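Work through the exercises below with the sequence and the 3D view open. Try each task before reading its solution.

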Amino acid sequence: IEAFKKSDTDKKLVIAGGNSHSNEYMKEISAMAATDKRIIMTDFIHGQCLEELYSNAYLYVLPSDVEGMALTLLEAMSYGNCCLVSDIKENTDLGIKLDNLLKNPQKVMEYKEKSQDFICGKYNWDAVVEKTLERYKRKSIKRYKRMGKWSR
């Protein structure tokens, strides 16, 4: 919110999702957002509404300093979004990077074009399920062999 408020843009900032923090923290965030009409806060959203947000986002920002690999980031990339995420040690750089992407739509489009192919290729659910099943199968065979119950 602080980084966005410093930006010179007519774009909207949508803060979407449920609450995993204390009530005091959420009150602070809501108060910060209330001072800028460009900021929209939603509660937990899903389905078509979520798809619309991902599909129409100029860019996706994840400034978290605690999430290792957020599923929302993978979802955003699967929609072909340009994603700005914190390199945990460099959170102070977020405002500069946000401003840079807001002022460079051609760079945003370049990231958008690359992100969908990358994420869908690397995190394809069909391939993940296949690999998971194969590992379970191998572990089961090893376990049965140890127990003396496996024969071919």
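## Exercise 1: A charged pair in a helix

Lys 114 has a relative accessibility of 52%, so Lys 114 counts as exposed. The model is a predicted one.

**Task.** Find the salt-bridge partner of Lys 114 and say where the two residues lie.

**Solution.** 
1. Start with the partner. Lys 114 forms a salt bridge with Glu 110. The closest N and O atoms are 3.5 Å apart.
2. Check the cut-off. A salt bridge needs the nitrogen within 4 Å of a carboxyl oxygen.
3. Classify the partner. Glu 110 is partly exposed, because its relative accessibility is 41%.

## Exercise 2: The other salt bridges

**Solution.** 
1. Locate them. Glu 134 and Arg 138 are both in helix α7, residues 125-146, and four residues separate them.
2. Read the accessibility. Glu 134 is partly exposed at 38%. Arg 138 is partly exposed at 44%.
3. Buried means under 20% relative accessible area. Arg 38 has 15%, so it counts as buried. Asp 36 has 10%, so it counts as buried too.

## Exercise 3: One aromatic pair

**Task.** Identify the aromatic pair and give its geometry.

**Solution.** 
1. Count first. The structure has one aromatic pair.
2. Name the rings. Tyr 54 and Tyr 79 make a stacked pair. Their centres are 5.1 Å apart, with 20° between the planes.
3. Ask what the pair links. Tyr 54 is in helix α3, residues 47-56, and Tyr 79 is in the loop between α4 and β4, so the pair ties together parts 25 residues apart in sequence.
4. Compare the accessibility classes. Tyr 54 is buried at 8%. Tyr 79 is partly exposed at 34%.

## Exercise 4: A buried asparagine

**Task.** Is Asn 81 buried or exposed, and which backbone oxygens does its side chain reach?

**Solution.** 
1. Locate the residue. Asn 81 is in the loop between α4 (71-78) and β4 (83-85).
2. Classify it. Asn 81 has a relative accessible area of 2%, so it is buried.
3. Find the polar contacts. A polar atom of the Asn 81 side chain lies 2.9 Å from the backbone oxygen of Tyr 54. The side chain also reaches the backbone oxygen of Ala 76, at 3.1 Å.
4. Widen the view. Beyond four places in sequence, Asn 81 contacts residues including Ala 57, Tyr 60, Tyr 111 and Ser 115.

## Exercise 5: Surface and whole chain

**Task.** Which residues make the nonpolar surface patch of about 190 Å², and how much of the protein chain is buried?

**Solution.** 
1. List the patch. Val 14, Ile 40 and Leu 53 make it.
2. Look at one member. Val 14 lies in strand β1, residues 13-15. Val 14 is partly exposed at 34%.
3. Step back to the chain. Of its 152 residues, 22% count as buried.
4. The protein chain has seven helices and four strands.
5. The protein chain exposes about 11600 Å², and carbon and sulfur atoms supply 53% of it.

Notes. Residues are numbered from 1 along each chain as its sequence is written. This is a predicted model: local features need pLDDT of at least 70, side-chain atom pairs count only at pLDDT 80 or more; totals for chains, interfaces and linings use all residues. Side-chain values use heavy atoms; hydrogens and water are left out. Patches are made of residues with over 30% relative accessible area and no salt bridge: like charges are joined within 9 Å, nonpolar side chains (Val, Leu, Ile, Met, Phe, Trp, Tyr) within 5 Å. Accessible areas come from the Shrake-Rupley method with a 1.4 Å probe; for residues, only the protein chains shown count as cover. A salt bridge is a side-chain nitrogen of Lys or Arg within 4 Å of a carboxyl oxygen of Asp or Glu. Buried means under 20% relative accessible area, exposed over 50%, partly exposed in between (1.4 Å probe, protein chains only). A polar contact is a pair of N or O atoms within 3.5 Å; within protein, one must be able to donate a hydrogen and the other to accept it, and residues adjacent in sequence count only if both atoms are side-chain atoms. Contact means heavy atoms within 4.5 Å. Rings of Phe, Tyr and Trp (its six-membered ring) pair if their centres lie within 6.5 Å; planes under 30 degrees apart count as stacked, over 60 as edge-to-face and the rest as tilted.
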